[in-house]
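User: I have a model open on my screen and would like to understand the labels given to its side-chain contacts. Could you take me through them?

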Amino acid sequence: MPDPRPPRTTIVEVLYPRARGAIGMRGSQPPLSWEHTAAPDESDGDRHVFKLDIPADVTLDLKLVRGEDAWAHGRNYVVHAGDHLRLEPAFDHTHSELGAPTTVGEGELALRYQVLLPPSYFEQDAKRYPVLYAQDGQALWASSPDPFGVWRLDETIDSLLELAVIQELIVVAIDTSERRLDRLGPVPDPEYGGGHAETHLRAMIDVLKPHIDGELRTLPGPEHTGVMGSSMGGLFSFYAAWTRPDVFGKAICLSSSFWWANRHMIRAVTQAPEPRPVLYLDSGAALNPEELNASAHDGFFHTRAMHRALGRVGYTPAELHRLTFPGQSHNAAAWATRVALPLQLLFPAAAVPESGDS
């Protein structure tokens, strides 16, 4: 039986600098084909609009082309009648680019860091990007030399970008290998000491972030700025977003050391800050409940206590994500396995609202 609904036009908006080349489109079904490049229906400066009349019962694979032979980075898009896409493609880079380690600041406020720039950064001259400030920069990349294991974060981000399921973002990875407990603990712990996280946070806010915002095309507001870490880095990331939500509007806290200083940060959760940061908490959990090795429990009980404390001060599921991974222990291999989840939850690819129903 014929579809009684009137045909709906599929809109694909493409933002790409006109000076870098003409934008076209190819696809698997009429009105497109893989052999010939279709020109935009409208072009206004760097904005190019394609209007596709697709039958209601057809799905169409499409791919952007620059000139006649440069294909856009990432997989094909699959669309149907009435879809609305807004794309900001990259053609010259297929992977994120990692900069050389460098240092900013002096004395106790000095920080050593590396920057990972997304593929389109070098072509989308007017685009600005969210920023994720990550602790343990010495162990984040596939090329990192940390003997305790690495996250391979650059490879994970490139895989997510190739699937177009997260925003393109800038990652600023901070080396916290020296004096780690001292730098990341919010208060001294009776057994381990430390407790100078306030200084590390001040270096990030007063020195590093202004430097990054001045040198790179960032979206500087808290809603676009996150902080991430695992173990003590996870504890610090929570502390940073909790005490300075005006700077860090998102925190990714993996296997966080919420046990630190007799659960100091859990006890500190008595009133939610304003603005309220979006939080991701996770942990592994031993398969055997009688397991005595604390690493096998991966802070599960402390993370559960923090989740309950946040619920008591009004956090909702939209603001607070908590996941548990049975059988995963406290190590970089586990964090590498699951870091794709919080990236998708806190930096999701932007949705373009459609006019009318699907």
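Analyst: Happy to! This is a predicted model. Let's begin with R276 and E274, whose side chains form a salt bridge with an N to O distance of 3.9 Å.

User: What makes R276 and E274 a salt bridge?

Analyst: The cut-off is 4 Å between a side-chain nitrogen of Lys or Arg and a carboxyl oxygen of Asp or Glu. The N to O distance here is 3.9 Å, so the pair qualifies.

User: Which other contacts does R276 make?

Analyst: R276 also meets E319 in a salt bridge, at 3.3 Å from N to O. E319 lies in the loop between α7 (300-312) and β17 (320-326), and R276 in the loop between α5 (260-268) and β16 (278-285), so this pair ties together parts that are 43 residues apart in sequence. Y315 itself belongs to a cluster of ring pairs with F238, W242 and F258.

User: How many salt bridges are there in the whole structure?

Analyst: A search finds 21. One of them joins R75 and E162 at 2.9 Å, N to O. R75 is in the loop between β6 (70-71) and β7 (77-79) while E162 is in helix α1 (residues 153-162), so the bridge links parts 87 residues apart in sequence.

User: On to the rings. Why is the pair Y16 and F91 called edge-to-face?

Analyst: Two values decide that. Ring centres must lie within 6.5 Å, and planes over 60 degrees apart count as edge-to-face. For Y16 and F91 the centres are 5.1 Å apart and the planes are at 80°, so the label is edge-to-face.

User: How do you know that Y16 and F91 are buried?

Analyst: Buried means under 20% relative accessible area. Y16 has 0% and F91 has 9%, so both count as buried.

User: And what makes Y121 and Y129 a tilted pair?

Analyst: Their centres are 5.4 Å apart and their planes are at 40°. Stacked requires under 30 degrees and edge-to-face over 60, so this pair is tilted.

Definitions and conventions. Residues are numbered from 1 along each chain as its sequence is written. This is a predicted model: local features need pLDDT of at least 70, side-chain atom pairs count only at pLDDT 80 or more; totals for chains, interfaces and linings use all residues. Side-chain values use heavy atoms; hydrogens and water are left out. Rings of Phe, Tyr and Trp (its six-membered ring) pair if their centres lie within 6.5 Å; planes under 30 degrees apart count as stacked, over 60 as edge-to-face and the rest as tilted. Buried means under 20% relative accessible area, exposed over 50%, partly exposed in between (1.4 Å probe, protein chains only). Helices (H or I, at least four residues) and strands (E, at least two) are DSSP runs, numbered from the N terminus.
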